[in-house]
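Welcome! Have a look at the model below, and then work through the exercises one step at a time.

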Amino acid sequence: MMTRSLFDLARKMTPEKVSREFRDFSGAHAYTAARRLMDETFADFPDVDHSFVREFQTAGFSARVFELALFAALREQGKELDRTSPAPDFLTIGDTPVAIEATTTNPPQGETADDEDIAAAVRRLIPDDMEEAQAEFTMQIGKALRRKLEHRDAQGHAYWEKPHVEGVPFVIAVQSFHNPSALIHTVSSLATYLYGIRDIATRDSHGSLVLNSQVVTEHRHKHKTIPSGLFAQPEAEHLAAVIFTNSATVSKFSRMGTERGYGPEDVAMARVGLAYDPDPNASVAVPFGYVIGDYGPQDHETFSEGFHVLHNPWTRTPVAAGALDGFTEHRLQPDGRTLTTIRHPDYYLSRTWILQGEDGGNPVQTARRRVQQYLAGPEGAR
């Protein structure tokens, strides 16, 4: 059987029709490892409606990367998938089935990432106005989730009403791509919108960290307002949970492909950023940095890393215990104010540096030096 490739142009597709994202990525030497791992993953991906490659090569590039990473994460957890129907996107089967529909926040219609290459987009990771960006993120996430909750097929069925899904917990998986800095937002921002509460950190007389829960009733962005606490709204009664990540990107495939030796020898990668601090009195994340490959086999990155499941306590059909236990899980306690987390290996935020050797230089040594500089600088000193 002929091996499928994501990088062979789809039928009737001409080079002029592909997106700049796809064109830059498919032609870059630095992304060799990512392309090989994507093709390796896609070889087992059941493309039920035969639209995946076309969307990957055009306006749906980031959304399809997210979907491919989600598929790989479910597969590495040993989930058996029923993909005989095109919707929802994934249906795990067995003792604890789950139906998962994937979606993304996207740029306004007519706007794409084509105005700048991938590297330029990465440089614009930090928004100029964080408060405004936060408000936009919540509004965009809310719109994406509600779009799926309101969707009906030609027979008038919602996702959870389809014959093969009836009685199975329905979950929406989401990642944000509405602008180049959208990936900076973390699961805590989404939790505030879904549960209608946020933690306010203070210190007691002994200097210990105290978290007080504050009720949030609405979210505003420019002239728009939406109610907070989506999970408690009537339209979400069939929504069992939301899966969220900000790391199912080209960078994940690049790092994991490099770990497996798929990349060229003149390319090295480093990962830097902020990690969760397990100290109960910690109020800020801990800087981290490492060169891809500078660790033992037990420390390899997984596809599941970075995925979070936020469970809906008011749903009619909850996700069974253990159904998605390969992801970090968040549950609201009966008091309605406390959110508990079962945490898996994860990073709060990260960036991937790609270094290419020039004039005979050693890119790995250069990467190690840059990581040391990063950790010794303001980020690592705090």
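This is a predicted model: local features need pLDDT of at least 70, side-chain atom pairs count only at pLDDT 80 or more; totals for chains, interfaces and linings use all residues.

**Exercise 1. Which two strands form a hairpin with 2 residues between them, and which residue in the turn has a positive phi?**

Residues are numbered from 1 along each chain as its sequence is written, and side-chain values use heavy atoms, with hydrogens and water left out.

Step 1. Strands here are DSSP runs of E with at least two residues, helices are runs of H or I with at least four, and both are numbered from the N terminus.

Step 2. The hairpin is made by β7 and β8, and K222 is the turn residue with a positive phi, about 55°.

Step 3. β7 covers residues 218–221 and β8 covers residues 224–227; they pair in the antiparallel sense over 4 bridges. Two strands count as paired if DSSP finds at least two bridges between them.

Step 4. K222 is exposed, with a relative accessible area of 69%. Here buried means under 20% relative accessible area, exposed over 50%, and partly exposed in between, using a 1.4 Å probe and protein chains only.

**Exercise 2. Find the order of the strands in the open sheet of 8 strands, and say which stand at the edges.**

Step 1. The order is β1-β2-β3-β4-β9-β12-β13-β14, with mixed pairing.

Step 2. β1 (80–81) and β14 (339–342) are the edge strands; each has a single partner strand, so one side of each is left without a neighbour in the sheet.

Step 3. Now look at β9. Strand β4 (residues 170–176) pairs with β9 (residues 239–244) in the parallel sense over 5 bridges. V171 lies opposite A241 in β9, and V174 lies opposite F244 in β9.

Step 4. β9 also pairs with β12 (residues 308–311), this time in the antiparallel sense over 4 bridges. There, A241 has H311 of β12 as its bridge partner.

Step 5. Is β9 enclosed or open to the outside? Of its 6 residues, 6 are buried, so β9 is largely enclosed by the rest of the structure.

**Exercise 3. Locate the residues of the positive patch on the surface and describe three of them.**

Step 1. The patch brings together R11, K12, K17 and R54. Patch residues have over 30% relative accessible area and no salt bridge, and like charges are joined within 9 Å.

Step 2. R11 sits in the segment before α1 (20–27) and is exposed at 68% relative accessible area.

Step 3. K12 belongs to the segment before α1 too. At 62% relative accessibility K12 is exposed, and its phi is positive, about 65°, although K12 is not a glycine.

Step 4. R54 lies in helix α3 (residues 52–57) and is partly exposed, at 35% relative accessibility.

**Exercise 4. Which two residues are joined by a cis peptide bond?**

Step 1. Recall the background: most residues other than glycine have a negative phi, and most peptide bonds are trans.

Step 2. The cis bond joins A87 and P88, with omega about -10°.

Step 3. P88 is placed in the loop between β1 and β2 (90–93).

Methods:
Patches are made of residues with over 30% relative accessible area and no salt bridge: like charges are joined within 9 Å, nonpolar side chains (Val, Leu, Ile, Met, Phe, Trp, Tyr) within 5 Å. Accessible areas come from the Shrake-Rupley method with a 1.4 Å probe; for residues, only the protein chains shown count as cover. A salt bridge is a side-chain nitrogen of Lys or Arg within 4 Å of a carboxyl oxygen of Asp or Glu. Lys and Arg count as positive and Asp and Glu as negative; His and the chain ends are not counted. The place of a charge is taken as NZ of Lys, CZ of Arg, CG of Asp or CD of Glu.
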